[in-house]
Amino acid sequence: MENSNLPFQVWYLAILFMTATKKGISACEMQRQLEYKRYTTVWSLMHRIRSLMGKRDDLYSLTGMVEFDEGFFKIAVSPARRKKLKHGKGSQQMQDVGVLAESVPLEDPETGEETKHCRFFKMAVLDSQKAESVNLFIKQNVTSDSVLFSDQCKTYQDIHRYVDLHVTEKSSKETTIKALKWVHIAIGNAKRTFLGIYHQISSDYLQNYLNEFNYKLNRRFSRDLFERVIIAAVFPYWYNCV
């Protein structure tokens, strides 16, 4: 809100509309709700709020039992480049995203059935599909005393340096359902949300959309998202004044 020419009322209403739904709201719908003339102003306002959400989630790291995998999100490509698109994992139309999930194993004392309870998530656009990008993502977002689960991808060979224990399983349908259950649920839900609301997302702004999705996912049981975002927006200013 600082150094903004927009009235506080517009900021409050934008935050209210963005936090009123678990999925999201498009800039066109936001423009209609605010009855604001300029689309680009509304679009920029929403991205500033998404960036704020990302900064808030950057303050903590995941710990304990953590699942990790990569998801490939479809991004917008200019018509001139569509004729030269590659297919598969290295396609210019797919953006690599690292996903982490705190996965706590639970056991029913009566039946002995094992399940997993999920706590917090992390989602970030990776610079590349190389080991360096993956290692940096793990190092920045997972505590060193954690146990991390992943598949046996070759780029994950050095992850053990940054965690207490790195457990790998051969990639299969069973691994996806059991060992890496929550990261794939998050990836699937994010893809459906983006496709249904935003349709096409530029790679330059994919991280902001991930910030919003991840922020709401981590607070899925909270009923005060609006107040939380307001506090996150005001707290840095208040902290610097103390």
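Predicted model: local features only at pLDDT ≥ 70, side-chain atom pairs only at ≥ 80, totals over all residues.
**Entry 1: the second largest pocket**

For the space inside the second largest pocket I note about 430 Å³. I then asked which elements each supply at least two residues of this lining. They are α3, β3, α5 (131-141) and α8.

**Entry 2: the chain as a whole**

I counted nine helices and five strands in the protein chain. Along the sequence I read their order as α-α-α-β-α-β-β-α-β-β-α-α-α-α. The protein chain has 242 residues, and I record 40% of them as buried. I also looked up how far apart in sequence the contacting residues lie. Of the contacts between residues at least 6 apart in sequence, 64% join residues at least 24 apart.

**Entry 3: the nonpolar cores**

I turned to the largest nonpolar core, which holds 25 residues; Phe73, Val99, Phe121, Met123, Phe194, Leu206 and Leu210 touch the most other members. I list β2 (94-107), β3 (114-125), β4 (147-151), α7 (181-197) and α8 (206-218) as the elements that give two or more residues to this core. The most comes from α7, with six residues. I followed one member, Leu210, beyond residues up to four places away in sequence, and found that Leu210 touches Phe73, Val97, Met123, Ala124, Val125 and Phe194. Another core, of 19 residues, lies apart from the largest one and includes Ala27, Leu45, Met46 and Ile230.

**Entry 4: helix α7**

I checked the length of α7 against expectation. Its 17 residues should span 24 Å at 1.5 Å a residue, and I find the end C-alpha atoms 25 Å apart, which agrees. I recorded Trp182, Val183, Ala186, Ile187, Ala190, Thr193 and Phe194 as buried in α7. Because these residues cover an arc of only 140° around the axis, I place them on the same side of α7. On the other side of α7, I find Arg192, Leu195 and Gly196 exposed. I recalled the general rule: an α-helix has 3.6 residues a turn, so residues three or four places apart point the same way. Just after α7, I noted a positive phi of about 65° at His199.

**Entry 5: His184**

I next looked up His184, which lies in helix α7. I class His184 as partly exposed because its relative accessible area is 27%, which falls between the limits of 20% for buried and 50% for exposed. Leaving aside neighbours within four places in sequence, I find His184 in contact with Asp69 and Thr176. I also noted the separation of His184 and Val99: 85 residues in sequence, but 8.6 Å in space, C-alpha to C-alpha.

**Entry 6: helix α3 and Arg50**

I list the buried residues of α3 as Thr41, Val42, Leu45, Met46, His47, Ile49, Arg50, Met53, Gly54 and Asp57.

Is Arg50 buried or exposed? I count Arg50 as buried because its relative accessibility is 2%, under the 20% limit. Arg50 sits in helix α3 (residues 39-57). Beyond neighbours within four places in sequence, I find Arg50 in contact with Met18, Ile25, Tyr198, Asn208, Tyr209, Asn211 and Glu212.

Conventions
Residues numbered from 1 in each chain as written. Heavy atoms only, no water. Helix = DSSP H or I, 4+ residues; strand = E, 2+ residues; numbered from the N terminus. Buried < 20%, exposed > 50% of the residue type's maximum accessible area, 1.4 Å probe, protein only. Contact = heavy atoms within 4.5 Å. Core = buried A, V, L, I, M, F, W, Y, C linked by side-chain atoms within 4.5 Å. Expected span 1.5 Å × (residues − 1). Arc of directions from axis to C-beta. 1 Å grid on protein atoms, 1.4 Å probe; cavity = no way out; pocket = protein on both sides within 12 Å on 5 of 7 lines; lining within 4 Å. Points joined across faces, edges and corners; volume = space filled by probe spheres on them.
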